[in-house]
Amino acid sequence: MSELSRVLQPWQVLTGGICGLVLTIGLARFAYTPLLPSLQAQAGLTDAGAGGLAAINYAGYMTGALATAWIDDVRWRHRMYSMGLWLAIVTTAAMALTDWMPSWALWRFLGGLCGAAGMLLGSGLVLGWLMRQGRRPELGVFFMGIGLSIVVTALGSWGLAQLWPLWSFQWLALAAVGLVFFIPAWRWRPPVPPQVAVQSLGAPAVTKRWLLTMAGSYFAAGWGFVISATFIVAMVEREPALAGKGTWAWALVGLAALPAVFVWDRVARRIGDTRALLLAFGLQTCAIVMPVLSGSLAAALVGAVGYGATFIGIVSLTLALVGRRSPNNPGKAMARLTLSYGAAQIIAPVVAGAMAQATGTFHGALWVTAGVMSAGMALLASLPEEQLKN
């Protein structure tokens, strides 16, 4: 593996990581969002059931985060990441095999495990490799994979729906598309890092208050992320004037996320990580309430762009920040913080789905989400002044 580490170039490691995110986050998680209207229209999935499946997916994600948080052996971390790559394709294809709810729940749970592998193990392996190579320890380029995942699932599901309207064929076809990304993701995996590779790297001291505050704010970020990530297509489709535009709103989320990773890295360099996070939180909160304030197409599209441009910045800045402060095992540190993010992603879809089921609209759930995001901003703003400069 040490020879592979010398042969691989930064662009290969980053490209492989991006493709890994398309598989583990795109197929195993995000494909559910644009295909949700078809599942509801053709397979009879209810709002409450949709929220339940989303929560189960995040339960799998949280289970993976727990495992990642406590596994120190770098060889096992590398194996788990590798397993997540091919399992993402399997779970996507398996969704097409039956419309039995328990089966869907199983595949969504396993898909959540894949998401943790790509997001936490993948980002930790990439960040660790960059630090060992003396490169800038930022994850902006790597997290382009999240935006690309959204674009792939949005355009892929739309194009496939034109060819095969049946929901099961769409899942199978997306799994086949995943094979294109699997090859570079597998060939350019970051190699197994040596256990002592970064022991000499220093990191700023992390206080318990800092960790708890970041965990609380990341819980709010997870709540804000999952509501739109799960229901944005369904929300747009329910507006009479916007029927048929849901997939395009989802594509705009991904397109906005692609350049945003670079923008937020530069904003953080100029004003600091925490102030950049506060800005991203504020802008995302505004984007979340846009569909409530107006049912127009313009409001839906502006909200989609604002959401896509900010959620990726929050994830990238938070994980890179905690990873830099724990250079000996960045993936483990990221996973522990992500437990709060995962907890929100389990609770929020159930709450939103139940509220939508009871009221026939997602407006109430969006207002609750804006309140949670505001609480997250208050937590960030409460950090000591010396932490605000980091």
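**Close-up 1. Helix α6, end to end.** Helix α6 covers residues 101-132, and its 32 residues should span 46 Å at 1.5 Å a residue, which agrees with the 45 Å between its end C-alpha atoms. The expected span is 1.5 Å times one less than the number of residues; helices here are DSSP runs (H or I, at least four residues), numbered from the N terminus. This is a predicted model, in which local features need pLDDT of at least 70, side-chain atom pairs count only at pLDDT 80 or more, and totals for chains, interfaces and linings use all residues. Residues are numbered from 1 along each chain as its sequence is written, and side-chain values use heavy atoms, with hydrogens and water left out.

**Close-up 2. The kink in α6 and what follows the helix.** Look for a kink of about 25° centred on Gly 122; the bend at a residue is the angle between axes fitted to the seven residues ending there and the seven starting there. Of the 32 residues in α6, 24 are buried (under 20% relative accessible area, 1.4 Å probe, protein chains only; exposed is over 50%, partly exposed in between). After α6 comes Gly 134, with a positive phi near 75°.

**Close-up 3. Trp 164 in its loop.** Trp 164 sits in the loop between α7 (144-163) and α8 (167-187). Its relative accessible area is 38%, so Trp 164 counts as partly exposed.

**Close-up 4. Ser 374 on α14.** Here you can find Ser 374 in helix α14 (residues 363-381). Ser 374 is partly exposed because its relative accessible area is 38%. Ala 220 is 154 residues from Ser 374 in sequence, yet their C-alpha atoms are 8.2 Å apart in space.

Terms used:
Helices (H or I, at least four residues) and strands (E, at least two) are DSSP runs, numbered from the N terminus.
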